[in-house]
Amino acid sequence: MIVIDESGRMQRMAEQWRIKNETIGFVPTMGYLHEGHLELMRQGKKDCRHLVVSIFVNPKQFGEGEDFGTYPRDFDRDSRLVEEVGAEVVFYPTISQLYPPDFQTYVEVTEVTKGLCGASRPVFFRGVATVVTKLFNLVKPHFAYFGEKDYQQLITIKRMVADLDMDLEVIGCPTVREKDGLAMSSRNVYLSVEGRKAALCLYRALCSVQKAAAGGETDAEKLINAAREIINKEPPARIDYIKLCHPSTLKELDHLEQEGRLIMAVWVENTRLIDNGRILLGDR
Ligand code: PAF
């Protein structure tokens with residue numbers, strides 16, 4: 001495995017692979033890897049001749065007062081894990097490689113980014129769409145892998161790739177959970193022992209909504225209230241939002257027809273956690 005920290009070198013290597021018609025799989029990350037990232041890499045490794053993993057904590061997707069400075073970083077551990085999965089390249093650019101001082105171009109996906117996390121984190125999706133576009137231009141993947149855990153991000157990237165005619169396929173992979181149901185996230189390390197226990201309310205809330213819908217409940221407000229009730233019982237948890245949305249447009253639903261996506265963000269202590277899941281209507 002090689003570590004490339006220079007954009008031009010990454011692009012030249014990818015170009016050589018493309019010329020030979022060899023497939024390139026790509027997993028973009030901000031590092032501090034967990035099993036969720038490793039699953040994306042394993043999928044990429046299975047599907048493609050070459051696998052590239054990027055590690056870059058992207059300053060453009062953090063708002064003022066967010067955790068850019070303290071975001072967990074451990075490059076040595078990350079590169080060991082990437083090597084164990086069998087990726088060929090870790091792309092590890094510096095901030096000035098991707099954003100030289102005269103940088104001034106951004107990519108904006110306007111509709112699917114409006115609500116949900118876009119409402120609470122106004123610069124987030126512009127930063128994600130911009131860096132992912134740059135990474136796609138450098139790594140030139142045929143397939144790029146993103147977790148469903150960041151569901152709005154996945155939909156945003158899919159929209160961007162379709163709208164801008166990018167020559168690759170975006171593959172969404174299921175959320176990887178701890179044994180007790182907590183969705184894996186690099187930010188889980190911020191939680192205290194007590195916070196970690198309280199954080200399970202997100203998964204419990206999701207399961208209770210899935211169960212109510214399977215039992216025939218169609219009213220979005222009732223479904224969302226079932227989730228709220230569970231989360232509000234945990235004192236360290238504070239709801240940012242809980243919404244029932246259309247799975248591809250992310251428009252809010254007021255009733256469930258067949259399938260919806262429950263999407264939520266909840267503060268636990270000082271950490272904002274997100275989770276989501278497919279909600280299917282069953283017969284009463
Ligand atoms: O999901 C992430 O880790 C980041 O948002 C991404 C896609 C690597 C862009 O910085």
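## N188 and its surroundings

Leaving aside residues up to four places away in sequence, N188 touches L182, A183 and L273, where contact means heavy atoms within 4.5 Å. This is a predicted model, so local features need pLDDT of at least 70 and side-chain atom pairs count only at pLDDT 80 or more, while totals for chains, interfaces and linings use all residues. Residues are numbered from 1 along each chain as its sequence is written, and side-chain values use heavy atoms, with hydrogens and water left out.

N188 sits in the loop between strand 6 (169–173) and helix 8 (193–198). Helices here are DSSP runs (H or I, at least four residues), as are strands (E, at least two), and both are numbered from the N terminus. With a relative accessible area of 13%, N188 is buried; buried means under 20% relative accessible area, exposed over 50%, and partly exposed in between (1.4 Å probe, protein chains only). The N188 side chain also reaches the backbone oxygen of A183, at 3.1 Å.

## Helix 2 against helix 3

Helix 2 (residues 35–47) packs on helix 3 (residues 75–85) at an angle of about 35°, and their axes are 10 Å apart. Those axes are lines fitted to C-alpha atoms, for helices over the stretch in contact, and angles run from 0 to 180 degrees between N-to-C directions.

Who does the touching? Helix 2 brings L38, M41, R42 and K45, and helix 3 answers with L81, V82 and V85. By type, the residues of this contact split into five nonpolar, no polar and two charged.

At 13% relative accessibility, S79 counts as buried. A polar atom of the S79 side chain lies 3.2 Å from the backbone oxygen of D76.

## Around the ligand

The residues surrounding the ligand are P28, T29, M30, N58, Q61, V128, V131, F146 and Q153; the cut-off for being near is a heavy atom within 4 Å.

A polar side-chain atom of Q61 is 2.7 Å from an oxygen atom of the ligand. For Q153, an N or O atom in the side chain is 2.7 Å from an oxygen atom of the ligand.

## The loop between strands 7 and 8

E257 belongs to the loop between strand 7 (237–245) and strand 8 (259–268). Its relative accessible area is 63%, so E257 is exposed. The E257 side chain makes a polar contact with the side chain of H255 at 3.5 Å. A polar contact is a pair of N or O atoms within 3.5 Å; within protein, one must be able to donate a hydrogen and the other to accept it, and residues adjacent in sequence count only if both atoms are side-chain atoms. From E257 to H246 is eleven residues in sequence and 9.8 Å in space, C-alpha to C-alpha.

L250 lies in the loop between strand 7 and strand 8 too. Is L250 buried or exposed? L250 is buried, at a relative accessible area of 9%. Although not a glycine, L250 has a positive phi of about 65°.

## Positive phi at Y32

Y32, in the loop between strand 2 (24–29) and helix 2, has a phi near 50°, a positive value in a residue other than glycine. Y32 is partly exposed, with a relative accessible area of 24%.

Note on methods. Nonpolar A, V, L, I, M, F, W, Y, C, P; charged D, E, K, R; others polar.
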